[in-house]
Amino acid sequence: MPEPLLEARGLVKEYGSVQALRGADFAAHQGEVTALIGDNGAGKSTLVKCLSGVLRPDHGEILLDGGRVALGSPTTAQRLGIETVYQDLALAFDLDPSANLYLGREILRPGLLGRLGVLDKMAMRDRAGEAFARLGVTLQSDTVRVGSLSGGQRQSVAVARAVAWASKVVFMDEPTAALGVIQRERVLDVVRKVRDAGIAVVLISHNMPEVLAVADRIEVLRLGRRVARFSAPDTTVEDLVGAMTGALSDEEQR
């Protein structure tokens, strides 16, 4: 197996007397979907926050492309090509899809108008349309407020925004939560297209059948440590539940 694109080694994160991470390891590979699973309190959210620059681990190291990196902030992670799609989407519901895609990275008009802060809305709309098309995202309109879109379309906008700026890794936190069956399948198709574009996708989910349907590899956290790794095609829901509950031995791998 090739070297991981993003790797955590022995991460420790403490909150007073509580150890959220107890020497956690993790690896994500280019062009793969790696599912990160575990019961509530397993440390998934803390690990993702460390790997996306929101938190600094107390001990351990993070490697990107084989080199050690210090992710001091989300902005630092973004500069290195790491983006996150949060469960709450973090979209501006009063803006249209293209404005959301370029939120914080707006394109200005050339010349004097740009120096005066005038936005180039046409350029943003054209480039956003290309980004949506690459992922097969179809919106009812590119001029309506995001708040008026369906849940699946909002999720697709959030994913497209992350992918538009990510060159290495995209974290997706419960991307299909609260979606219907049809919308869920459309979002999972988008996840597969992101993977096929050569980006490492990290999927955090409690939906085990969904994990097995879309993931290439699965890593299991329990009590702040990685306890098992699986190849998704060779794995069952029973295997995953066994690892999450402690029925399997530490670091069992298939």
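Guide: A131 belongs to helix α5, where helices (H or I, at least four residues) and strands (E, at least two) are DSSP runs numbered from the N terminus. The model is a predicted one, in which local features need pLDDT of at least 70 and side-chain atom pairs count only at pLDDT 80 or more, whereas totals for chains, interfaces and linings use all residues. Residues are numbered from 1 along each chain as its sequence is written, and side-chain values use heavy atoms, with hydrogens and water left out.

With a relative accessible area of 5%, A131 is buried; that word means under 20% relative accessible area, while exposed means over 50% and partly exposed lies in between, for a 1.4 Å probe and protein chains only. Between A131 and T75 there are 56 residues in sequence and 22 Å in space, taken from C-alpha to C-alpha.

Helix α5 is also one of the elements against which the buried residues of α6 pack, the others being β6 (82-85), α3 (97-101), β7 (169-173) and α7 (181-196); contact here means heavy atoms within 4.5 Å. Because eleven of its 15 residues are buried, α6 is largely enclosed by the rest of the structure; among these buried residues are G152, Q153, R161 and V163. The length of α6 (residues 151-165) can be checked as well: at 1.5 Å a residue its 15 residues should span 21 Å, and the end C-alpha atoms are 22 Å apart, which agrees, the expected span being 1.5 Å times one less than the number of residues.

From β7, the chain passes through a loop to α7, and E174 is found in that loop. The phi angle of E174 is near 45°, a positive value in a residue other than glycine, and at 12% relative accessibility E174 counts as buried.

Side chains of opposite charge can pair when their charged atoms come close. Under the criterion used, a salt bridge is a side-chain nitrogen of Lys or Arg within 4 Å of a carboxyl oxygen of Asp or Glu, and the whole structure holds 15 of them. One of these joins R192 to D189, with the closest N and O atoms 2.9 Å apart; since the two residues are three apart in α7, about one helical turn separates them. D189 itself is partly exposed, at a relative accessible area of 38%.

Returning to α5, the loop between α4 (111-115) and α5 contains V118, which is partly exposed, with a relative accessible area of 31%.
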